[in-house]
Amino acid sequence: MTPGPRGRPPIPAYRPAPTVFWCEQAWLPDGIASGVRIEVADGRITSVTPDSPRSGTVLAGLTLPGFANGHSHAFHRALRGRTHHERGTFWTWRERMYTLAARLDPDTYYRLARGVYAEMVLGGYTSVGEFHYLHHAPGGKPYADPNAMGEALRQAAADAGIRLTLLDTCYLAGGIGVEPDEVQRRFSDGSASAWASRVAALKEAELFRVGAAIHSVRAVPADQLSLVDSSRVVHVHLSEQRAENEQCQAAYGRTPTELLADRGVLTERLVAVHATHLTATDIDRLSGARACFCPTTERDLGDGIGPARALRDAGVRLCVGSDSNAVVDAFEETRALELDDRLASEERGRFSAGELLEAGTDHAAIGWDEVGALAEGAGADFVTVALDSVRTAGIEPSGVVFAASGADVRHVVVAGREIVRDGEHLLVERPETVLAKEIEALWRS
């Protein structure tokens, strides 16, 4: 066992990883196959052979590529079930979120995030893009290590066995032309150049990569947008609420999408998070980029239903995220693309099961281009789902994207290492106890 930093729990050593897995059924790039032997070495899949005899570690059920959580705010997990008072308005939620943000420091953030990331793995995710803007101490004073909060997230993800892309977020204003308030000063580096200097000190590792994010056109002035490093994947909250569009039109005479395009930010490396309230021109302009839908959060906050099918038809690649972590379940989040679009269009059959799986396993959206398929050379991330639970009994295997839940995840492998076995997390003992303890402590402080 390796001692953890600053008195944190020791980092559990990974168990020796099997090199051969035998899948009862597996969802391969060309469809579902039976008796699939997957060989793994150095974190990569070295061979995939259907119709093979049983050998190695047997994975009963259906094995799929690991899911990618394209957009997360880990600390929001502590808000779950605590924002319904006064009928649970958006403002109730935001005030509770700001209260919570003010109470976190690197140690408490590490402990909370460790539990959150363990929950994600149990729910079917093998990578997460953390939209990280909680940078500094209260009042905006930098910690001795300016990236202490980001390092806490890196350590938490490593200890929970999930790939992490730290989408370090540029957040400079409290609104268009508005200075950050007391809580928001924790989020700001003062300028895009100062933000970039701090981010440059972050060092990538085996399961840790660094991306960039623009919080929104409200939080980054127009003259600073192009200074955000576009050589990385760049995520941005885009047209999440109608008020954002109205404010952008009033200040700049264009929609948020048009403003990003004018400033050279809208490239194929851009991921528009939410993309809820778009014009037809916005949809066309986003062609070649990505849109990350977060359906359970968009429902929770009452933001609306985005034009997922129209974006896909316009050449926008789709991915999904758990955002506020009001729900952490890769299956629930992925199938909501179809179910929410049915509600908006009043039609069924908006997405095929294969299209949903493609969106749910888009690790490239957060910089893991090599992950997301059960194929030779790909990163060895896969999730096995029971086909004999009360939810999945009797379904066609491809129906897991409509029928299964995170409770059906039996086995998870990340970079060739077993992280979940028989539904139990191997690195974090009783994640539910970890979460209960840390969340209760935060709200008592």
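How many residues does helix α14 have, and how far does α14 reach from its first C-alpha to its last? Helix α14 (residues 431-444) has 14 residues and reaches 20 Å, close to the 20 Å expected at 1.5 Å a residue, where the expected span is 1.5 Å times one less than the number of residues. This is a predicted model, in which local features need pLDDT of at least 70 and side-chain atom pairs count only at pLDDT 80 or more, while totals for chains, interfaces and linings use all residues. Residues are numbered from 1 along each chain as its sequence is written, and side-chain values use heavy atoms, with hydrogens and water left out.

**Helix α14**
- The buried residues of α14 are Pro431, Val434, Leu435, Glu438, Ile439, Leu442 and Trp443, buried meaning under 20% relative accessible area and exposed over 50%, with partly exposed in between (1.4 Å probe, protein chains only).
- They cover an arc of only 140° around the axis, which puts them on the same side of α14; the arc is that of the directions from the helix axis to the C-beta atoms.
- Exposed Lys437 and Arg444 sit on the face of α14 turned away from its buried side.

**Val400**
- Val400 is found in helix α13 (residues 400-403), helices being DSSP runs of H or I with at least four residues, numbered from the N terminus.
- Val400 is buried, with a relative accessible area of 0%.
- Among the residues that Val400 touches, not counting those up to four places away in sequence, are Trp27, Phe331 and Arg335, contact meaning heavy atoms within 4.5 Å.

Key
Helix = DSSP H or I, 4+ residues; strand = E, 2+ residues; numbered from the N terminus.
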